[in-house]
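Please look through the sequence and the fold together before reading on.

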Amino acid sequence: MATGKRKGKTKIWLFVISVILIAIFYAKVSQDSNQQIPPKHTIEKTGSGAVVDFTETTKKIHTAVDAALQKSQFPVRDTKEITKEIPRQKVEGTIRWHTRQVLVTVPADVSAETMKQRMNSAIQSAGGQVLSTQPDTYQGLAVVRLDIGLRDKLEQEDLTIISDRVYLTKEKGAAPEPTNVPETKGEGKVRGKMALVIDDFGYNQETISAYAAINRPLTFAVIPYRPFSNEAASRGLSSGHQVILHLPMEPLDQGAQSEALTVTVAMSDKEIQTMVQKAIDTVPGLIGVNNHQGSRATADKRVMKDVLSVLKANNLFFVDSRTNGQSVAAETARQMGIQAGENELFIDNTNEVSAVKAKLRTAQEMAIKHGSVTVIGHARMTTATAVSEMIPELEAAGIQLVFVSQLLR
């Protein structure tokens with residue numbers, strides 16, 4: 001009997017030891033697996049917070065992009081590159097990375113979707129991905145733009161970094177067909193086109209998902225330096241919408257100025273240009289700019305020339321929100337050779353679903369009468385609801401929703 005008990009205890013101890021050894025083994029494997037995934041950034045401590053540096057990773061993505069282009073034997077016609085550094089949105093410190101623009105000529109039979117697939121295969125090992133594919137222009141040339149980069153999370157901050165903007169033009173000058181664009185439905189003849197710009201993304205999180213879920217072309221206008229600015233731009237891109245910077249500019253009533261970092265008429269040329277460039281750098285994937293407030297600043301030609309000179313250097317268009325009937329913004333942009341558009345109606349001055357729907361019906365009439373219309377709403381749940389519910393009615397009336405970039409001149 002004693003011998004049997006001893007054997008039983010021995011088996012129990014052997015079982016316990018086996019379990020412990022297995023646990024240690026899997027813990028080691030898990031640790032080794034985690035160690036095989038290197039961080040996408042380095043951290044440099046400074047007196048004013050830490051610099052989170054993605055330069056090494058973004059340069060690896062550059063190399064992978066170049067390898068993919070060389071393998072396909074697609075000629076690179078132009079390249080521009082720069083190191084960017086922007087303040088973090090939620091904590092003290094900055095984010096640094098290297099970015100560039102590449103103009104590439106592709107054969108007539110190579111689609112944007114094919115290029116997207118090739119790039120994703122080539123850059124995955126470098127930690128990159130194709131974030132979006134959109135129609136665009138490059139120095140007046142019609143192209144399709146691939147936004148390539150990475151996504152990361154810093155503490156509670158979702159981050160999207162654009163490392164490469166690859167502009168695709170076909171050999172005969174025609175751009176490949178874009179992918180990742182929300183579909184435009186509707187039966188019958190198109191009687192008018194409507195571009196819907198949604199301002200003020202960045203202040204709250206709930207409206208981002210609401211607008212991202214709308215499967216029609218929308219333009220997200222993102223305020224810089226807000227808690228959810230980067231997330232709004234990232235979700236806008238990934239859901240196939242266009243993203244522009246909603247640039248704070250000085251209103252006539254200075255007491256109504258809502259943003260501390262605002263372009264004002266009292267600033268020098270250099271101060272304005274520096275502020276605009278820094279704001280552009282904070283919003284990933286943007287292709288244009290419109291003004292937030294700005295009734296005083298957009299009526300000042302000197303100020304607008306300073307703002308627009310930075311946009312021209314960054315190959316961006318401008319949409320005048322028309323907060324002042326005396327605005328010279330769109331006219332000045334066109335004089336400088338910059339594509340521009342103008343808001344023709346604010347659809348949600350009254351924050352009620354029924355009121356927004358009534359304004360959209362007015363916009364519908366304007367589009368049918370003039371062929372097209374550009375309107376502005378805001379990142380509010382009531383507006384998102386109204387837009388979503390009005391889409392069938394608008395399309396039944398022959399209205400085609402388009403990106404604002406399609407109505408520029």
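Predicted model: local features only at pLDDT ≥ 70, side-chain atom pairs only at ≥ 80, totals over all residues.

Residues are numbered from 1 along each chain as its sequence is written, and side-chain values use heavy atoms, with hydrogens and water left out.

**The whole protein**

The protein has 10 helices and 16 strands, where helices (H or I, at least four residues) and strands (E, at least two) are DSSP runs numbered from the N terminus. Of its 409 residues, 50% count as buried, a word that stands for under 20% relative accessible area with a 1.4 Å probe, protein chains only. The protein exposes about 19200 Å², and carbon and sulfur atoms supply 52% of this area, which comes from the Shrake-Rupley method with a 1.4 Å probe. Among contacts (heavy atoms within 4.5 Å) between residues at least 6 apart in sequence, 71% join residues at least 24 apart.

**Two helix pairs**

Two packed helices are described by the angle between their axes and the distance between the axes. Axes are lines fitted to C-alpha atoms, for helices over the stretch in contact, and the angles run from 0 to 180 degrees between N-to-C directions.

| Helices | Angle | Axis distance |
|---|---|---|
| α2 (residues 55-72) and α3 (residues 112-123) | about 130° | 9 Å |
| α9 (residues 353-370) and α10 (residues 381-396) | roughly 45° | within 9 Å |

With this angle, α9 is oblique to α10, and α2 and α3 are oblique to each other as well; angles under 35 degrees count as roughly parallel, over 145 as roughly antiparallel, 65 to 115 as roughly perpendicular and the rest as oblique.

In the contact of α2 with α3, the residues of α2 include Ile61, Ala64 and Val65, and those of α3 include Met115 and Arg118. The residues of this contact divide into nine nonpolar, one polar and one charged. In the other pair, Val353 and Leu360 are among the residues of α9 that meet α10, whose own residues there include Ala386 and Met390.

**One glycine**

Gly341 is found in strand β13 (residues 340-342) and is buried, with a relative accessible area of 7%. Not counting residues up to four places away in sequence, Gly341 touches Phe318, Val319, Asp320, Ala330, Arg334 and Leu408.

Technical notes:
Nonpolar A, V, L, I, M, F, W, Y, C, P; charged D, E, K, R; others polar.
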